[in-house]
Amino acid sequence: MRHSKFSLIATLLCIAAFSAQASDIVVRGDIVYTSAGDPIQDGVVVVRDGKISAIGPASSVSIPGGIDVVDAAVVTPGLIDAHTVVGMVGYLSQDDDQDHLEQSAAIQPELRAIDAYNAREPLIEWLRTFGVTTIHSGHGPGEIISGQTLIAKTTGDTIDEAVFNPAAMVAATLGEGAVMSGNGGRNTPGTRGKVAAMLRTELLKAEAYAEKIAAAADDDEKDPPARDLKMEVLTSVLAGDTPLLVTVNRHNDIMTALRIAEEFDIRMVLDGASEAYLLLDEIKAAGVPVIVHPAMARAGGERENLSFTTAEKLINAGIPTAFQSGYEGYVPKTRVVLFEAAITLAHGVSPDQALAAITIDAAKILGIDDRVGSLEVGKDGDLALYDGDPFEYTTHAIGTIIEGVQVSDIVK
Amino acid sequence: MKRLSTLVSCVCLLHSMAAFGEPTAFVGATIMPVSGEPIENGTLVIEDGKISAVGSSVRVPRNADVVDVAGMVIIPGLVDTHSHIGEPAGADRSSPIQPEARVLDSINVRDAGFKRALAGGITTANLMSGSGHLMSGQTVYVKMRDGNSIETVAYKKDDGSVDGGMKMANGTNPRRDAPFPGTRGKSAALVRQKYVAAQEYMAKIERADGDPEKMPERDLAMEALVEVLNGERVVHHHTHRHDDILTVLRLQEEFGFRVVLHHVSEAHRVAEEIAAANVPVSLIMIDSPGGKLEAQYIDFENAPALERAGVNVGFHTDDYISDSRLFMRMAALGVRAGMTRKTALRGLTLAGAEMLDLDNRIGTLERGKDADFVILSGDPFSVYTRVQQTWVEGVKRFDIDDPDDRAVAEGGFGALQPSVIHEFHGYEEGH
């Protein structure tokens, strides 16, 4: 009995020792930005078993022995790209691996991102190199409802290793961007009005579907409706469990989005929103967060009126705001959210606000702030290391850590 | 004398004459003349559209308007060697080689792209058609002065004709159904066949020795290629992959044309070969590799690798691939990768001027050169720096304190109209 107990303890110690190698690390920064309070001069972050176990000034945090220590001039939380299609699209723009947009029908919420996401896509490593540790990726803009999105860490060899929310949001598009929806099929809207009518019609169907399920649950005599994958996903949207991510740019289309959010009382996140500066009061009143277009997005088409100053206006209006790399069809195949945030600094956004928009504020909008987005005890040990001001053009990303594992030591 | 009178007549069209008649002195800035070391607390004097003095101990003329720019940084006007502002359209889809097509016959000088360029500090740009052809036509070098027509904004050659180069491309973008090439081998063969024909056309002209009876029939394509062969018209060549780069160098050696390599994603792989060919390179820095097959190995490292190899390196926006307002960021990313600041600033200015054969007029802040310069709030390679003013030939063309100009610099509702930036869905045209 004593013997077996000893061997059990020995086994546990072995497991602990092994996991210490895999997911324990100490990061020491000349300055540590936490996204949870004031920066820490000469700060130390201790990560054990993938989680932050201690953080504070070097003078007050004891550094455990036997764990690798990594130094950097500047340390931030691992960055969060609040909206991208990386992992869904092959980086060489070849037709056979562009899986962000299925054009056979205008409304296909049943398309799951986990069935397409390629965890080994080279651009995931590219983002990781610059300190991005979490991405919200999935089906892209271009259909009224193009499918689902997911949230993943920028690591892992498979979707299962990478993903930590397999069904984060349902991706929708309104306005001109959706007018060519279902172009591969017959169900193509021709106008903004039709786009909105088609979306409302589908949500009404889902309401009826949900009512039938509820009625069957209350009454043994009634059969529930046949399972319908599309309706199941939209029911989740109507119940407020899954937000509707609406890509929308023009002011009139933003208003249409808000009108539909109110009509169906759904959780909505605005994406792009290049004319949001015209509707700050309305967006704020609707309580809808905004994942604003990349600062360096091209000012053309529906985004012809975009501004470098939109981020500043949204943030200072008190509207929850996050930054994104967005969707690109050509070059650059992806933007880098660190670079996009940097551009806002010359246009009114403070460094603290910019960092929040790619860490804690993004985490809150994505509903993952219990795990990531700031450096606090108990959160995932996801950190980004730089040799200077992270936003400056000439600074280098020098290391990225995900759950206590250094996943990049490339200097870029 | 003819050239001078042309200049004067152009100048008379300008709405702002502030700089003419009496000199203007900019005092107190850090001046980075590119032709020499930075000058702290320097003075720049301009007069009649030209730089009349620059230095640390310059005497300010008694009749000068004095502008206090203490704390600012002054650099030469930026030269964008590759831009698509103004709707430049050369070759059509009828054939892959169309040297006769001139983009000057297509430029819309009222395109807001010109205003964006000025907001980014660009004072000279090479406007080109796309890379969906082996040869998509004649480019035009423009000065960002105010003007109603391409003729009023274009640089002119000594004979009064519009100055420009020739756009060429290889790799994947020109590949499509016949009569376009389907392979790299066919691409090179088609180009060589055309240059051989141009050599023969040129030989006929030489044999005619001025006798109109013996001259070949006029042929617009051949005439343009003769200008390329005799070095008057520089080839601006889109190329990405290392083997495509070497193909350009091979054809350049065979036919002796002058060439600037553009984009050059894999320059880091053949930097020594480019240096040995003594060919300049205009780089684009893209925020991620890929987007198309031939850009899969693009790397910020191109900038320092070419500098180390001794290649003359410049930059371009490829606007609308990147926004002209962010042109300085290109060079800053070069610095990020290890390029020296000196070469990076040269790459935005003098290197580009040399690639356009305009370095006698622009590219540095030196006495006698055009008064094209940019006043910055700080370090040219900092994300926090903003363009304050852009001056072209002594005329203030952008001022951040002007509400309309600020709107262009920042964007907003209607600020960038009329705009011809298209949503870029495909890659059939290519860049």
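The questions below set values against definitions.

Tutor: This is a predicted model, in which local features need pLDDT of at least 70, side-chain atom pairs count only at pLDDT 80 or more, and totals for chains, interfaces and linings use all residues. Residues are numbered from 1 along each chain as its sequence is written, while chains are lettered from A and ligands numbered from 1 in the order in which they are written.

Student: Why is Ala216(A) called partly exposed?
Tutor: A residue is buried if 20 or more other C-beta atoms, placed from the backbone, lie within 10 Å of its own, exposed if 12 or fewer, and partly exposed in between. Ala216(A) has 14 C-beta neighbours inside 10 Å, so it counts as partly exposed. Ala216(A) lies in helix 4 (residues 192-218) of chain A. Helices are DSSP runs of H or I with at least four residues, strands are runs of E with at least two, and both are numbered from the N terminus.

Student: Which residues does Ala216(A) contact, leaving aside neighbours within four places in sequence?
Tutor: They are Lys222(A), Asp223(A) and Pro224(A). Contact requires C-beta atoms, placed from the backbone, within 7 Å.

Student: What makes the span of helix 6 (residues 242-255) of chain B close to the expected one?
Tutor: The expected span is 1.5 Å times one less than the number of residues. Helix 6 of chain B has 14 residues, for which 20 Å is expected, and its first and last C-alpha are 20 Å apart.

Student: What makes strands 13 and 14 of chain B a pair?
Tutor: Two strands pair if DSSP finds at least two bridges between them. Strand 13 (residues 281-283) is joined to strand 14 by 3 bridges, and the two run parallel. The pair therefore meets the definition.

Student: Why are strands 8 and 14 of chain B said to stand at the edges?
Tutor: The open sheet has the order 8-10-11-12-13-14 in chain B. Strand 8 (135-138) and strand 14 (313-315) of chain B each have a single partner strand, so one side of each is left without a neighbour in the sheet.

Conventions. Contact = placed C-beta atoms within 7 Å.
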